[in-house]
Amino acid sequence: MSFDLVLFGGTGDLAWRKLMPALFQAFRHGKLPQGGRILAAAREDFSDATYRSWLRERFLDVEGARQPGGEEFARFAGLVHYLRVDLAQPGDYVQIRQWLDAPRDDGPADTVVLYLATSPHLFPQICEQLGKVELNGPNVRVVLEKPLGHDLESAQEINRAVRSVFSEGQAFRIDHYLGKSAVQNLMALRFGNALFEPLWRRESIANIQITLAEQLGVGTRGDFYDRTGALRDMIQNHALQLLTMIAMEPPSRNDAGAIRDEKLKVLHALKPFTEDSVLHDVIRGQYRGGTVDGRPVPGYRGETKVPPHSRTETFVALRTEVQNWRWSGVPFYLRTGKRLAAPEAQIVVNFHPAPHRIFPGANVPNKLVIKLQPEDGLELHLLAARGSGPSQALSPVCLDLDFDKAFAENRVGGYERLLLEAIAGRLNLFVRSDEQEQAWHWIEPVLRAWERDDDVSGGPRPYVAGTWGPAAASALVARDGFAWPEEQ
């Protein structure tokens with residue numbers, strides 16, 4: 001299947017840090033379809049040759065990637081082209097259309113993928129101009145990079161603009177967490193095995209915790225982050241998508257429509273926030289100066305391009321429930337933050353303890369840990385007997401599945417997987433507009449309550465960089481008799 005992929009914002013951080021390395025890895029793994037061309041579109045004055053050289057230098061700065069050799073990169077670079085465009089100029093979209101229409105040795109591309117790696121406020125304008133030059137035919141897909149809006153109203157505006165040009169089946173709203181191997185194996189764990197289904201309900205599960213923690217601060221993105229905050233940046237999309245996959249009912253089929261229908265049902269079933277419940281069930285924080293990995297780091301208000309009196313939250317912890325038959329009464333705890341104690345993303349499913357204790361020693365409940373980063377895998381924590389005789393005691397043991405070791409030869413990165421799925425036209429790992437809008441609808445009461453509360457409380461609670469956030473986040477879970485993993 002031949003394809004053309006146009007990357008709007010081809011010189012931006014996302015393009016050279018994530019997207020181009022992911023495309024290169026797909027090429028290296030032999031997974032990139034034959035007959036492909038990649039067009040980077042941006043305002044800088046590059047030629048094909050100078051852009052390829054610039055990209056080669058950028059690759060050297062990509063952390064965690066196995067660097068390509070000269071010959072290997074040259075073969076990949078042969079697929080990469082550059083076109084100088086100003087997205088505010090309608091005539092430049094004609095140039096893109098002409099480039100795509102130019103004769104190819106193997107005939108017209110089967111698929112055209114338009115990846116909008118730009119600021120979201122440009123999405124309506126870009127979609128409008130793409131429609132005017134008729135770059136919206138049935139073989140065209142548009143990929144929309146987050147964040148998709150700043151609130152419900154702006155998200156709806158973007159979706160209206162997209163729908164005016166593209167069908168829902170052509171719109172690929174990306175969330176890179178859905179491309180992670182552990183998230184894919186969560187689907188396989190739940191719906192490909194019979195082992196956990198009888199236990200995946202309120203009778204067996206005490207609580208579920210989702211943690212998306214970063215050690216990094218805001219870096220050079222202070223101006224963007226201060227307009228966004230942790231609730232919009234991480235909870236509204238990543239954390240809620242993970243929650244839906246944990247809590248959804250088994251879909252009737254393994255296709256996009258059936259899967260996304262079930263995820264939407266979970267979002268509709270989330271306990272709505274009120275002004276009182278926001279104060280009771282949502283904790284926000286902002287990091288102050290501290291120490292991370294033995295080196296001092298500034299507080300959020302001391303970061304580049306952050307206002308000195310900013311009230312933007314860099315940490316959120318919240319408690320919610322899925323109000324349906326399966327999950328009634330089971331608390332779901334979500335937390336995310338910057339400058340925390342460890343870079344860690346995981347889902348912890350905590351089971352009820354055994355109903356009657358007959359062994360001495362540990363009485364730790366079982367739990368399933370789905371690790372997303374820095375490594376990904378599954379851990380099942382059980383109790384096993386040690387010693388012998390009538391007084392044998394129990395000790396915790398862990399069954400650990402490391403995906404890097406188990407599937408080393410087939411490892412695929414998140415963006416690599418999502419790009420290949422977009423080229424293939426498979427929507428399973430992408431977010432539908434009604435999912436996205438319902439997620440915004442759910443968090444809007446929190447945003448409104450914070451706006452009112454700022455005048456009373458002065459904003460988010462401070463926490464020291466290098467810790468696990470404000471003490472109130474621990475109290476939120478302890479109120480129900482539970483604890484975060486690091487406190488157990």
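Biologist: What is the strand order in the open sheet of nine strands?
Modeller: This is a predicted model, and in it the nine strands of that open sheet are ordered S16-S15-S14-S13-S7-S12-S11-S8-S17, with mixed pairing.
Biologist: Which strands stand at the edges there?
Modeller: Strand S16 (393-402) and strand S17 (461-464) do; each has a single partner strand, so one side of each is left without a neighbour in the sheet. From one strand to the next, the twist averages 20°.
Biologist: How many bridges join S8 to S17?
Modeller: Four, and S8 (residues 282-288) runs parallel to S17. Arg 288, for instance, has Val 464 in S17 as its bridge partner.
Biologist: Nice. What does helix H14 touch on the sheet?
Modeller: Helix H14 (residues 471-478) packs on the sheet and touches strands S7 (205-213), S8, S11 (315-321), S12 (331-337) and S17. Its direction makes about 10° with that of S11.
Biologist: Switching topic, is the pairing in the sheet of six strands parallel or antiparallel?
Modeller: Parallel, and that open sheet has the order S3-S2-S1-S4-S5-S6.
Biologist: Which strands does helix H2 touch?
Modeller: Helix H2 (residues 48-59) packs on this sheet against S2 and S3, and its direction makes about 115° with that of S3.

Terms used:
Residues are numbered from 1 along each chain as its sequence is written. This is a predicted model: local features need pLDDT of at least 70, side-chain atom pairs count only at pLDDT 80 or more; totals for chains, interfaces and linings use all residues. Side-chain values use heavy atoms; hydrogens and water are left out. Two strands pair if DSSP finds at least two bridges between them. Helices (H or I, at least four residues) and strands (E, at least two) are DSSP runs, numbered from the N terminus. Axes are lines fitted to C-alpha atoms, for helices over the stretch in contact, and angles run from 0 to 180 degrees between N-to-C directions. Contact means heavy atoms within 4.5 Å.
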